[in-house]
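Have the model open while you read.

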Amino acid sequence: MRIVLVGPPGAGKGTQAAYLAKNLSIPHISTGDLFRANISQGTELGKQAKAYMDAGDLVPDEVTIGMAEDRLNQSDAAGGFLLDGFPRNVGQAQALDAYLASHGIALDGVLDLEVPEDEVVKRIAGRRVCRNDSAHVFHVEYNQPQAAGVCDDCGGELYQRPDDAEDKVRNRLDVYHRETEPIIDYYKQQGLVQTIPALGKVAEVTQRAMDALR
Ligand code: ADP
Ligand code: ADP
Ligand code: ADP
């Protein structure tokens with residue numbers, strides 16, 4: 001299956017993507033995780049992305065689209081994928097459609113994770129991710145690691161992403177409403193969107209998403 005996951009920062013995209021990708025045996029492709037891996041490895045791409053990410057702005061399309069397409073090429077896009085955090089504006093959505101069309105494939109669905117803004121703010125404030133791999137995600141209240149500050153998945157150190165600091169969150173939500181939300185209408189016109197209420201336990205949300213994909 002070829003799926004796109006949309007939702008505001010903190011909605012639970014990464015958390016859900018990990019379970020959905022496992023259940024569906026498809027790769028989880030997160031552009032945010034790819035950028036953070038590039039930053040920690042000190043690559044040229046990471047250097048280009050860092051200032052935008054720290055400010056909570058989108059990394060320019062010229063950088064982002066190439067990176068996403070490279071990743072899709074690596075994993076045989078026709079075999080399926082779950083995109084998390086890409087596309088994030090209409091230009092990226094159009095680029096993805098063009099990429100898929102050139103490979104003779106199309107999306108099967110777009111899952112829109114719906115969470116009230118006050119809950120999103122709480123989820124972001126308490127989020128802690130692993131220094132080794134930002135796909136290892138915890139929460140100081142809702143999803144505590146067994147030992148405080150230590151990643152259950154790999155033993156790495158947990159930290160707060162710089163863009164999760166309180167003073168960055170307002171801008172990220174503004175960017176979401178202004179630039180990312182329009183892709184929901186774009187995909188509605190293609191009949192692809194399933195809205196998933198994303199309050200409640202992680203496993204309940206996963207079940208709703210799996211039901212929607214049936
Ligand atoms: P996103 O990728 O959309 O930014 P994450 O998956 O990183 O969101 O989740 C944001 C934070 O909320 C994390 O700290 C995560 O542990 C927590 N979280 C995810 N899903 C839930 C849920 N259903 N209930 C409570 N907290 C959640
Ligand atoms: P969240 O989990 O909170 O939604 P992500 O980890 O997906 O955040 O993204 C973190 C940051 O990485 C974004 O604020 C943005 O700067 C950059 N980024 C990630 N994906 C994209 C994208 N598709 N286009 C542009 N910038 C992106
Ligand atoms: P339990 O200990 O019974 O397993 P959890 O630790 O899973 O409960 O956390 C309670 C659940 O309630 C979370 O999945 C989260 O979605 C929800 N939750 C916790 N705190 C809040 C909150 N402040 N607002 C909304 N939902 C919350």
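The second largest pocket comes in at about 450 Å³. A pocket here is an open set of points on a 1 Å grid over the protein atoms alone, where a 1.4 Å probe fits and protein lies on both sides within 12 Å along at least five of seven lines; lining residues have an atom within 4 Å of a point. The volume is the space filled by probe spheres set on the points, with points joined across faces, edges and corners.

Keep in mind that this is a predicted model: local features need pLDDT of at least 70, side-chain atom pairs count only at pLDDT 80 or more, and totals for chains, interfaces and linings use all residues. Residues are numbered from 1 along each chain as its sequence is written, chains are lettered from A and ligands numbered from 1 in the order written, and side-chain values use heavy atoms, leaving out hydrogens and water.

The lining runs to 25 residues, with Asp 33, Arg 36, Ala 37, Ser 134 and Tyr 159 nearest the pocket's centre. By class, that's 10 nonpolar, 6 polar and 9 charged (Ala, Val, Leu, Ile, Met, Phe, Trp, Tyr, Cys and Pro count as nonpolar, Asp, Glu, Lys and Arg as charged, the others, Gly among them, as polar). The elements below each supply at least two lining residues; helices (H or I, at least four residues) and strands (E, at least two) are DSSP runs, numbered from the N terminus.

| Element | Residues |
|---|---|
| Strand S2 | 28-30 |
| Helix H2 | 31-40 |
| Helix H3 | 44-55 |
| Strand S5 | 127-130 |

How do H2 and H3 pack? Their axes are 8 Å apart at an angle of about 115° (axes are lines fitted to C-alpha atoms, for helices over the stretch in contact, and angles run from 0 to 180 degrees between N-to-C directions). The contact (heavy atoms within 4.5 Å) includes Phe 35 and Arg 36 of H2 and Ala 49 and Met 53 of H3.

H2 also lies across S2 and S3, at about 65° to S2. S2 belongs to an open, parallel sheet of 5 strands, ordered S2-S3-S1-S4-S8; strands pair if DSSP finds at least two bridges between them. S2 and S8 each have a single partner strand, so one side of each has no neighbour in the sheet. Ile 29 stands opposite Leu 83 in S3.

S5 sits in an open antiparallel sheet of 3 strands, S6-S5-S7. There, Val 129 has Tyr 159 of S7 as its bridge partner.
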